[in-house]
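Dear colleague,

Please find below the structure that I am handing over to you.

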2 protein chains.
Amino acid sequence: MSTTSDDAVRAYVAAHYEAFLDDLADWLRLPSVSADPDHAPDVRRSAEWLAAALSATGFPTTEVWETQGAPAVFAEWPCDDPAAPTVLVYGHHDVQPAHRDDGWRTDPFEPVVDAGRLYGRGAADDKGQVLFHTLGIRAHLAATGRRAPAVHLKMIVEGEEESGSPHFPELLRAHADRLACDAVIVSDTGMWSEDTPTVCTGMRGLTDCQIDLRGPDQDIHSGSFGGAVPNPATEAARLAAALHDEDRRVAVPGFYEGVEELTAEERALFAELPFDENRWLRTAHSHATLGEAGYTTLERIWARPTAEVNGVSGGYQGPGGKTVVPSAAQLKLSFRLVAGQDAEKVQQAVRDWVAARLPAGIRHEITFWGATRPCLTPLDHPALQSVVRAMERAFGQRVRFTREGGSGPAADLQDVLGVPVLFLGISVPSDGWHAPNEKVELDLLAKGAEAAAHLWSDLAATWHPG
Amino acid sequence: MSTTSDDAVRAYVAAHYEAFLDDLADWLRLPSVSADPDHAPDVRRSAEWLAAALSATGFPTTEVWETQGAPAVFAEWPCDDPAAPTVLVYGHHDVQPAHRDDGWRTDPFEPVVDAGRLYGRGAADDKGQVLFHTLGIRAHLAATGRRAPAVHLKMIVEGEEESGSPHFPELLRAHADRLACDAVIVSDTGMWSEDTPTVCTGMRGLTDCQIDLRGPDQDIHSGSFGGAVPNPATEAARLAAALHDEDRRVAVPGFYEGVEELTAEERALFAELPFDENRWLRTAHSHATLGEAGYTTLERIWARPTAEVNGVSGGYQGPGGKTVVPSAAQLKLSFRLVAGQDAEKVQQAVRDWVAARLPAGIRHEITFWGATRPCLTPLDHPALQSVVRAMERAFGQRVRFTREGGSGPAADLQDVLGVPVLFLGISVPSDGWHAPNEKVELDLLAKGAEAAAHLWSDLAATWHPG
């Protein structure tokens, strides 16, 4: 049994950090935007780039796996001890859309290091957090003197996470034998803050859709016809407005069916965290809190399902005014789901609700982009304790527990592979996921690599699944 | 006193119609879009084109009048009989925005004649209806053998009607002496249909605005922050949805203050018109009627004030989904006003209503583009009877009465100049004002010129104002 010394790991990571950042910057230059069909070739290049990087790290097996959508990358590195646990690291190599004129100070796909931060789309979500594993594994090997990791290590890095992972469950089922493992380590989450390292224990689910409404066959004069025919922009607004009641509860009938309510103990655990509302608001770039009545901000973002308008459009959007009844309007909505909710039932509830609310003369179409299930990890799982110890060694301080308001395919991994899902992530709320000027903190990224280096030794030493 | 023979007028118009259409096409090629600052030079060229055309028609005086916005064109042609009435023709030379990809089958600024129709932005609204006066005047002179019109003729053709005529009242006040007249003839309205010629007796007013809402300082992740901070797209939708109650009455407090309700007689007059809902719906390119409970479609568009969403935008509008809470959203709203309403009071009511409805954390700004007052013409006015006779001679059939749901600066003319406002228009609902593929019917345009030719003789013969 080999262990890693904190100093040896730290020294290795520090010595190889600059080269690691150069590699990461290369990867970030590929605009692997899965939501935009125009970027499909970039998503493929991103997969090929990663496969090459994992080979260079030492993985004996690296493969690009096709899906009906964007390709995923699989890698495998067996341990020389057949009895060692098998761990599957999950991440994604696709990124959110980003355009310079969204508010980026620099080109989103030309990474820039400034004041201890690396800026670029995907720096934190999720390329930085996937790639720290390559540095972590090499530190692990260097510090232990091993030629292979102390666990059977596998990685699955998908290419459609930012599009709701529509083909990921299918991919998991198709390759269940290759992906078989004792636990999944998801590196696609964040910590409480730079000062308060935490381990995430759950993620919300997600299903999102586009609703297209059509009224008149073309834009018509609002003086000649307005007030006498249905207006699709008005109807889109009425739908979006009706999503929430006056208590800001989601008003779609059946939406809350099955929701696991928070226990008093869970609420107390949340309340222990050093939450500063003004500071959180700054991180959220927002000027007030607003949400479901009867819940705190942390409860709202971690443990309550929500409905959000991600985009709305219809009619004239140019300079000045144009007095038309528009012919069409569109809503983009997303629903965050919590444990106990069923995404398919939520989708049907939304479909029924939309159909029932629209007046005659408004035709509509709903397209759901996909569904990601919510998940929760048991706090007392021994592998979770390994993650906590690895993090505490990297950070040199106590690690607390959080949940993640965002969504990932963690639940699919849990469901299809039938194993617990753990989270190892070092992003912080200020990293600006999905926002302009996304960045990652360079010292946290290094600590992520250190934690990963420790984790394989700790798991091998303390956990004997099956 | 000279009169025009129907045959002589008709023959003159027919003989000169092709050249007239060539001239109109030249004018339509100028994209005089007053709402778009980029087109300001085109609006100026349009004014200069018209001034030259009116000079060529024979007006001894033609002038381009500057405003703080787009220029207007004034022309004057005195009668040789000082006792003749003075008539001011009103129209506008600016047009609605138009882009090929809005649904136009041909370039909106490259006019095309097809199957008895002239297609192009402004063909009916309002360049065609301004320009038929040049042909009408020449026919009037030719048929009567006069060297000057039988009335003192003035024209004022403004350049900001499609932007709500923000500087028109000021222009009228500044030039009230030059514009002094006994009646205004507005040629910027339509008729019931190709088969049912009508004279309009009133127009609705208009005030429109843009409401900009800002929430987070940048787009933020809907998983990390959604459900806990206000979303400006949601708030824009809630505003737009709250514009109307469940009876589709406008729900802005104070909006209906002062509204002149329809009398039983007026409702009966409306009900006499051969209204075919299915046919009207086709003209509206719409698939159902919807409006204020308790009123017919004609009542809704002619005599009831309305609120309409002309445009809405916010957040992600590209392909697929993007799970953000958007940083900003925008509404473009227009309000049609009827006699008795005060535009400034309506604007203040909207401002108060918006301010009272938005939650903390959403900052907003409202910009009103302008206000056009509603107006109504007395049915028993002798000059209106002249218009009716002129129309009946051109069309060879009985002329009925309508109102116009659209808005124009007719009320400003009425208020500032202190004279009755009459309407002479030949556009029909299918002309597609403000819509793609705007057109004018060539035979109706010719009848407009004929009616104008008759009108000056009839007014001079029958009306002795003062």
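In what order do the strands of the open sheet of three strands in chain A stand? The order is β4-β5-β18, and the pairing is antiparallel. Please bear in mind throughout that this is a predicted model.

**The three-stranded sheet of chain A**

β4 (112–114) and β18 (439–441) of chain A each have a single partner strand, so one side of each is left without a neighbour in the sheet. On average, and with direction ignored, neighbouring strands here are turned by 25° against each other. β4(A) and strand β5 (residues 117–119) of chain A run antiparallel and are joined by three bridges. Within this pair, A:Val112 has A:Tyr119 of β5(A) as its bridge partner. Helix α14 (residues 442–462) of chain A packs on this sheet, where it touches β5 and β18 of chain A. The direction of α14(A) makes about 65° with that of β18(A).

The loop between β4 and β5 of chain A holds A:Ala115. This residue is not a glycine, yet its phi is positive, at about 50°. Is A:Ala115 buried or exposed? It has 7 C-beta neighbours inside 10 Å, and therefore counts as exposed.

**The interface and the sheet shared by both chains**

In the contact between the two chains, 86 residues of chain A meet 86 residues of chain B. Several elements give two or more residues to the chain A side, among them β9 (205–214), α7 (232–242), β11 (306–315) and β13 (328–337) of chain A. The largest share, nine residues, comes from β11(A). By type, the residues on the chain A side divide into 34 nonpolar, 38 polar and 14 charged.

β11(A) also pairs with strand β11 (residues 306–315) of chain B, in the antiparallel sense and over five bridges. In this pairing, A:Val312 stands opposite B:Gly314 of β11(B).

Which strands make up the open sheet of eight? Their order is β14(A)-β9(A)-β13(A)-β11(A)-β11(B)-β13(B)-β9(B)-β14(B), with antiparallel pairing. The edges are formed by β14 (363–372) of chain A and β14 (363–372) of chain B, each of which pairs on one side only. From one strand to the next, the twist averages 20°.

B:His364 in β14(B) is the bridge partner of B:Leu213.

- Helix α11 (residues 343–357) of chain A touches β9, β13 and β14 of chain A, and its direction makes about 165° with that of β14(A).
- Helix α7 (residues 232–242) of chain B touches β11 of chain A together with β9, β11 and β13 (328–337) of chain B, and its direction makes about 15° with that of β13(B).

**Helices of chain B**

The axes of helix α3 (residues 40–57) and helix α4 (residues 127–144) of chain B come within 10 Å and cross at roughly 5°. The two helices are therefore roughly parallel to each other. Their contact is made by B:Ala53, B:Leu54 and B:Thr57 of α3(B) with B:Thr134, B:Ile137 and B:Arg138 of α4(B). These residues divide into three nonpolar, two polar and one charged.

Helix α14 (residues 442–462) of chain B is mostly covered, with 17 of its 21 residues buried. At 1.5 Å a residue, these 21 residues should span 30 Å, and the end C-alpha atoms are 30 Å apart, which agrees.

In helix α13 (residues 410–417) of chain B, the buried residues are B:Ala410, B:Ala411, B:Asp412, B:Leu413 and B:Leu417. B:Gly418 follows α13(B) and has a positive phi, near 70°.

**Backbone details**

A cis peptide bond joins A:Asp125 and A:Asp126, with omega at about 10°. A:Asp126 lies in the loop between β5 and α4 (127–144) of chain A. In chain B, a cis peptide bond joins B:Asp125 and B:Asp126, where omega is about 10°. B:Asp126 is found in the loop between β5 (117–119) and α4 of chain B.

Finally, B:Asn437 has a positive phi, near 60°, and is a residue other than glycine. Its place is the loop between β17 (421–423) and β18 (439–441) of chain B. With 20 C-beta neighbours inside 10 Å, B:Asn437 counts as buried.

With kind regards

How values were computed
Residues numbered from 1 in each chain as written. Chains lettered and ligands numbered in written order. Predicted model: local features only at pLDDT ≥ 70, side-chain atom pairs only at ≥ 80, totals over all residues. Contact = placed C-beta atoms within 7 Å. Helix = DSSP H or I, 4+ residues; strand = E, 2+ residues; numbered from the N terminus. Nonpolar A, V, L, I, M, F, W, Y, C, P; charged D, E, K, R; others polar. Pairing = 2+ DSSP bridges. Expected span 1.5 Å × (residues − 1). Buried ≥ 20, exposed ≤ 12 C-beta atoms within 10 Å, placed from the backbone. Axes fitted to C-alpha atoms, helices over the stretch in contact; angles between N-to-C directions. Parallel < 35°, antiparallel > 145°, perpendicular 65-115°, else oblique.
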